[in-house]
Amino acid sequence: MPGQGLPLHVATLLTGLLECLGFAGVLFGWASLVFVFKTEHYFEELCEPNAGLMGNATGQADCKAQDERFSLIFTLASFMNNFMTFPTGYIFDRFKTTVARLIAIFLYTCATLIIAFTSAGSAVLLFLAMPMLTVGGILFLITNLQVGNLFGKHRSTIITLYNGAFDSSSAVFLIIKLLYEQGISLRASFIFLSVCSAWHVGRTFLLMPRGQIPYPLPPNYSYGLCSRDSTTEKKDTAESKKLDLQSQEFLSPKEEIPGPGPLEEPRSFRSYVFSRRFVWHLVWLSVIQLWHYLFIGTLNSLLTNLAGGDRALVSSYTNAFAITQFFGVLCAPWNGLLMDRLKQKYQKEARKTGSSASAAALSSAVPSLALTSLLCLGFALCASVPVLPLQYGTFILQVISRSFLYGGNAAFLTLAFPAEHFGKLFGVVMALSAIVSLLQFPIFTLIKGPLQNNPFYVNLTLVLVTLLTFVHPFLLRRECRGEGAPPAAP
């Protein structure tokens with residue numbers, strides 16, 4: 001990395017980290033915002049007149065219709081968070097960084113302004129604002145992940161760090177809740193977030209490329225403030241492709257690029273989508289993600305029931321949950337570190353035995369997938385026990401499991417499938433898992449309605465379904481052992 005561009009690269013890295021930490025994934029602090037909305041009497045007209053006898057987070061009863069409305073808003077917003085990954089990724093690939101970021105800024109600014117000027121009488125506008133906020137945040141994350149290309153061998157670490165910052169940004173709604181309790185209005189907080197769009201615009205033109213940051217990074221690459229014109233970036237991108245081809249030419253046969261296995265005839269994208277490996281990965285991601293979304297979307301209602309409607313207790317546990325979410329940025333890199341270490345170990349062993357290096361690299365994903373499933377199972381079991389103090393343990397397991405989930409998902413797709421299909425496969429798996437996540441609303445309605453606020457049977461069913469996620473690492477391990485066997489002597 002040229003010393004001359006180092007300060008610019010570091011400035012891009014740090015401001016990108018701040019952007020992901022402060023704006024990109026705020027939706028997942030939903031429980032803190034729901035507490036404020038209830039205090040402001042959003043959707044309170046849906047409550048029955050005799051509902052004031054039991055007490056909820058605002059001093060009223062656990063109102064079924066009100067909780068269902070908040071759950072539906074979160075369901076739609078979290079669905080958009082995943083489903084829109086594919087089209088937003090296409091926008092980024094087709095129209096490059098500047099256009100994608102301007103769209104993100106427009107959506108984010110509109111969303112924060114709508115929330116700022118929404119009141120209890122116009123609370124239905126949250127159905128529009130929250131999905132817009134989510135899609136804007138996803139575009140912020142997607143356009144920032146390329147910053148890892150500026151730092152060569154540290155690329156994976158930075159990408160993982162940004163994903164962790166995305167998870168930790170859910171603490172922003174906690175800050176808004178705490179400010180609200182100190183007398184700062186919801187409107188003032190969201191107007192401040194809207195004003196921050198000026199900073200996003202400045203960063204777009206001064207610290208980000210117009211196109212995309214190439215990998216490998218060509219010598220004397222310039223962008224943003226130091227870029228003379230867009231043709232410079234195009235030349236640098238072309239030069240990067242040449243460097244990539246040259247580096248592949250010098251790879252020895254033993255230094256296989258991790259992929260789906262030994263050299264074979266090219267397969268179609270469709271064949272990979274319908275492969276057993278991809279289908280079980282979809283099951284793994286969808287089940288674990290459903291647990292996380294269901295827990296976050298219904299946390300306020302859960303705490304209200306367990307706390308017996310004690311507003312101060314609900315507020316205290318909501319704060320504790322949001323604080324643990326902040327540590328996602330510290331948990332996320334450990335999964336990547338585990339996979340990198342195991343990959344090096346397995347490939348070294350493969351070179352000694354003469355077995356497939358690509359199968360050895362894929363084997364490094366097995367412990368990560370199994371550990372994520374185990375963390376989710378522990379989190380699910382704790383969440384299923386209706387004991388309020390135990391929820392502290394649930395919060396810790398939830399944030400570790402979630403921080404492992406998305407980094408492990410991306411890493412597995414990188415190792416298990418050809419690079420030319422990564423973007424499409426990533427978009428498909430996120431979109432399909434988003435459709436599964438829509439189940440959270442009927443599940444919540446089932447608990448509130450026929451089951452009369454008793455989630456025992458639903459939790460038991462979901463815990464049993466969670467056991468299916470262990471099939472994925474088991475089958476992958478067996479597959480890697482078959483592929484990794486050294487060739488038989490003639």
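## Close-up views of a predicted model

The lining of the second largest pocket is made up of 13 nonpolar residues, seven polar ones and one charged one.

View A. Helix 12 gives the most, with eight residues. Rolling a probe the size of a water molecule over the atoms shows where empty space is left.

**View B. Helix 2 is largely enclosed by the rest of the structure.** Why can we say so? Ten of its ten residues are buried. They are Trp30, Ala31, Ser32, Leu33, Val34, Phe35, Val36, Phe37, Lys38 and Thr39. His41 follows helix 2, and its phi is positive, near 70 degrees.

**View C. Lys38 makes a polar contact with Asn300.** Lys38 lies in helix 2, which covers residues 30-39. Is Lys38 buried or exposed? Its relative accessibility is 0%, so Lys38 counts as buried, the cut-off being under 20%. The polar contact joins the side chains of Lys38 and Asn300 at 2.7 Å.

**View D. The largest nonpolar core has 114 residues.** Which residues have the most contacts inside it? They are Trp30, Phe37, Met130, Phe190 and Phe412. Helix 12 gives the most to this core, with 13 residues. In soluble globular proteins, nonpolar side chains tend to be buried together.

**View E. Phe412 touches residues beyond its neighbours in sequence.** Leave aside residues up to four places away, and Phe412 touches Arg277, His281, Leu362, Ala365, Leu369, Phe417, His472 and Leu476.

**View F. Ala365 is a buried residue of helix 16.** Its relative accessible area is 1%, which is under the 20% cut-off, so Ala365 is buried. What does Ala365 contact, leaving aside neighbours within four places in sequence? The partners are Met339, Phe412, Leu415 and Leu476. Asn409 is 44 residues from Ala365 along the chain, and the C-alpha atoms of the two are separated by 9.5 Å.

Definitions and conventions: Residues are numbered from 1 along each chain as its sequence is written. This is a predicted model: local features need pLDDT of at least 70, side-chain atom pairs count only at pLDDT 80 or more; totals for chains, interfaces and linings use all residues. Side-chain values use heavy atoms; hydrogens and water are left out. Helices (H or I, at least four residues) and strands (E, at least two) are DSSP runs, numbered from the N terminus. Ala, Val, Leu, Ile, Met, Phe, Trp, Tyr, Cys and Pro count as nonpolar, Asp, Glu, Lys and Arg as charged, and the others, Gly among them, as polar. Buried means under 20% relative accessible area, exposed over 50%, partly exposed in between (1.4 Å probe, protein chains only). Contact means heavy atoms within 4.5 Å. A polar contact is a pair of N or O atoms within 3.5 Å; within protein, one must be able to donate a hydrogen and the other to accept it, and residues adjacent in sequence count only if both atoms are side-chain atoms. A nonpolar core is a set of buried Ala, Val, Leu, Ile, Met, Phe, Trp, Tyr and Cys residues joined through side-chain atoms within 4.5 Å.
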